[in-house]
Amino acid sequence: MLMTTRPLPRLQRLSLHAAAALLAAAAMQPVSSAAQPAAAYPTKPIRLVIPFPPGGGNDIVGRLLAERLGERLGQQVVTDNRGGASTIIAADLVAHAAKDGYTLMLGPNTTLAVMPNLKAGLPYDPLKDFDPVSLFARSTYLLVAHPSMPFGTVKELIAQAKARPGQINFASPGAGTSNHLAGEMFKQMAGINLTHVPYKGTGPAVSDLLGGHVQLMFAAMASVRAHVAAGKLRGLAVSTANRNPSLPDMPTIAEAGVPGYHSNSWSGVILPSGTPQAIIKRLNAEIVGLVRDSDALPRLSAQGFELATSTPQEFRNHIRAELERYGKVIKAAGIRLD
């Protein structure tokens, strides 16, 4: 059978040409924001995940970071508090987020160095699933007590704990947090028995301490300093090896009765692993710049914070070293979360 070909109507030919043009244009568009040139970054708001509820020391640092980083980048940085499960919920979220630079996390030592030594089967690996950007802050713990307690010094606390083993409680923002480990280290080195009471964040823990439901806490200075000044809590000592410049009369725990004791916390900025290096480099430069130019340093220092930056590789080396250090402490203390 002989087949003949009839020309398409003019309107149909125009439609086919338009569809082809649309397909060609679509093929030239980036498939995701991750494919955009790094020079264009950022083109939309950025999310900063804070792995604690509002109100604690890390929340204060995270909100400062978000505000100042947003100013420097020219895009809003929105904080997203995802507390719970000793920071595992937030870490899992960020580890599996898009690798496009629009999801950051304030990564504390709890997430990156403590929990990997405490809990098997974590949904993230601290070295493989994150790209470090920069170290950002270190903080001092203040050992505080409810004012109704019959002790006002570390030595008196130790004496009371030995006379009443297990009857004095200490709160923490959660099992396995660095606050918790600060208390466990104190127990071990002082040779006493205190009962740990974990909470879902610093805010609830401090609230119960103020109410007298627990007696002690190793708390970030930012979260309790005002309560100490108002007489609602009693400061016993700072956790670091040296006295804090903003509280020069407050002894260290080592000075006050537990020689060699030293503990603090740190946090930095991390991204999902595989984020373009140009974006990491840009964020690192802006974080270093905001710390160098920040007029908030005196205010943060008064709350027990020290801002400190690093290169991405230096931060990775720091995480690796802290993983090893906390691993030794946790193993010696026999602590495990199942």
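At what angle do α4 and helix α12 (residues 312–333) pack, and how far apart are their axes? The legends below begin with that view. The model is predicted, with local features requiring pLDDT of at least 70 and side-chain atom pairs counted only at pLDDT 80 or more, while totals for chains, interfaces and linings use all residues. Residues are numbered from 1 along each chain as its sequence is written, and side-chain values use heavy atoms, with hydrogens and water left out.

**Figure 1. Packing of α4 against α12.** The two helices pack at an angle of about 40°, with their axes 8 Å apart. Axes are lines fitted to C-alpha atoms, for helices over the stretch in contact, and angles run from 0 to 180 degrees between N-to-C directions. Helices (H or I, at least four residues) and strands (E, at least two) are DSSP runs, numbered from the N terminus. α4 and α12 are therefore oblique to each other; angles under 35 degrees count as roughly parallel, over 145 as roughly antiparallel, 65 to 115 as roughly perpendicular and the rest as oblique. Their crossing is right-handed, a term for a near helix turned clockwise from the far one by less than a right angle, with anticlockwise giving left-handed. From α4, N109, L112, A113, V114, P116, N117 and L118 meet F315, I319, E322, L323, Y326, G327 and I330 of α12, where contact means heavy atoms within 4.5 Å. By class, this contact has 10 nonpolar, three polar and one charged residues. Ala, Val, Leu, Ile, Met, Phe, Trp, Tyr, Cys and Pro count as nonpolar, Asp, Glu, Lys and Arg as charged, and the others, Gly among them, as polar.

**Figure 2. Crossing of α7 and α8.** Helix α7 (residues 202–210) and helix α8 (residues 221–229) have axes that come within 11 Å and cross at roughly 20°. The two helices are therefore roughly parallel to each other, and α7 passes α8 in a right-handed crossing. T202, V206 and L210 of α7 make the contact with S223, V224 and H227 of α8. The classes in this contact are three nonpolar, three polar and no charged residues.

Figure 3. On a 1 Å grid over the protein atoms alone, a cavity is a set of points where a 1.4 Å probe fits but cannot get out, and a pocket is an open set with protein on both sides within 12 Å along at least five of seven lines; lining residues have an atom within 4 Å of a point. Grid points are joined across faces, edges and corners, and a volume is the space filled by probe spheres set on the points. Two or more lining residues come from each of α2 (57–73), α4 (109–118), β4 (130–145), α6 (178–190) and β9 (264–272). The largest share, three residues, belongs to α2. Eight nonpolar, 11 polar and one charged residues form this lining.

**Figure 4. The largest pocket.** This pocket has a volume of about 260 Å³. Of its 15 lining residues, T140, T240, N244, P245 and E306 lie nearest the centre. β4 and β10 (305–307) are the elements giving two or more residues to the lining, and β4 gives the most, with three.

**Figure 5. Backbone features in two loops.** A cis peptide bond, with omega about -5°, joins Y41 and P42. P42 lies in the loop between α1 (10–28) and β1 (46–50). A85, in the loop between β2 (77–81) and α3 (88–95), has a positive phi near 55°.
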